[in-house]
Amino acid sequence: MSDSTADGSRSVVVGAFRSAFAHTESRLLKSYVLVSALLGGLLAVLLVLALPVWVLQTAGGSELATFSRAFLIVGGVLLLVALVAPVVSSGRRHSRGTASARADVSLALAGYLFVLSLYASLLVSAPTDQRETPPALLAPAVEFLYSLPAVYAVAPPLVAAALILVVHRFAR
């Protein structure tokens with residue numbers, strides 16, 4: 001019996017998290033398993049709590065408002081998928097017996113890069129009245145991100161998600 005069904009759970013994601021955490025020797029991947037579980041849970045709660053607000057704000061509106069509401073939900077789910085993808089990939093590799101320490105480290109690094117890309121995306125899309133003066137060490141990078149148009153906020157997560165796919169495909 002596999003790890004995911006031993007305790008009655010049939011969730012692929014929960015089983016992958018358990019397998020990745022239990023079977024990897026990489027401390028970096030173990031830390032990413034914890035970080036992605038925490039951030040994924042927070043993102044899921046945020047989506048569930050925001051859904052009624054989105055529905056009430058767009059109720060009785062145009063079709064464009066209804067479409068934008070659906071897009072926000074789909075976008076949030078895609079963020080969740082990309083956040084847990086390195087853990088699921090590693091968990092599946094461990095359950096198949098094809099895992100390697102190099103692949104685990106590569107997947108963890110790609111996952112952390114995705115988390116950093118989300119932060120960069122938040123900096124790019126921050127409203128001008130919400131922007132604070134960054135610490136001197138980070139000021140050049142943060143000011144560069146502040147200077148970009150808000151439409152570029154989708155670029156960092158897309159690039160990082162593509163990197164996760166490349167690492168999944170080529171890491172051995």
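This is a predicted model: local features need pLDDT of at least 70, side-chain atom pairs count only at pLDDT 80 or more; totals for chains, interfaces and linings use all residues.
With a relative accessibility of 32%, I73 counts as partly exposed. Of the elements involved, helix 4 gives the most to the nonpolar patch, with three residues.

When its neighbours within four places in sequence are left aside, S89 is in contact with L107 and H168.

L42, by contrast, has its place in helix 3 and is exposed, with a relative accessible area of 52%. Between the C-alpha atoms of L42 and F144 there is a separation of 28 Å, and these two residues stand 102 residues apart along the chain.

## An aromatic pair between helices 3 and 5

The count of aromatic pairs in the model comes to one. The pair consists of Y32 and Y112, whose ring centres are 5.2 Å apart and whose planes stand at 75°, so the arrangement is edge-to-face. Since Y32 lies in helix 3 and Y112 in helix 5, the pair ties together parts that are 80 residues apart in sequence.

The two partners can also be described by their accessibility. Y32 is buried, with a relative accessible area of 0%, whereas Y112 is partly exposed, with a relative accessible area of 22%.

## The two sides of helix 6

Which residues of helix 6 are buried? In this helix, made up of residues 139–147, the buried residues are V142, L145 and Y146. They lie on the same side of helix 6, because they cover an arc of only 105° around its axis. An α-helix has 3.6 residues a turn, so residues that are three or four places apart point the same way.

The buried residues of helix 6 pack against helix 5, which covers 101–125. On the face of helix 6 that is turned away from the buried side are the exposed residues P140 and S147.

Terms used
Residues are numbered from 1 along each chain as its sequence is written. Side-chain values use heavy atoms; hydrogens and water are left out. Helices (H or I, at least four residues) and strands (E, at least two) are DSSP runs, numbered from the N terminus. Buried means under 20% relative accessible area, exposed over 50%, partly exposed in between (1.4 Å probe, protein chains only). The arc is that of the directions from the helix axis to the C-beta atoms. Contact means heavy atoms within 4.5 Å. Rings of Phe, Tyr and Trp (its six-membered ring) pair if their centres lie within 6.5 Å; planes under 30 degrees apart count as stacked, over 60 as edge-to-face and the rest as tilted.
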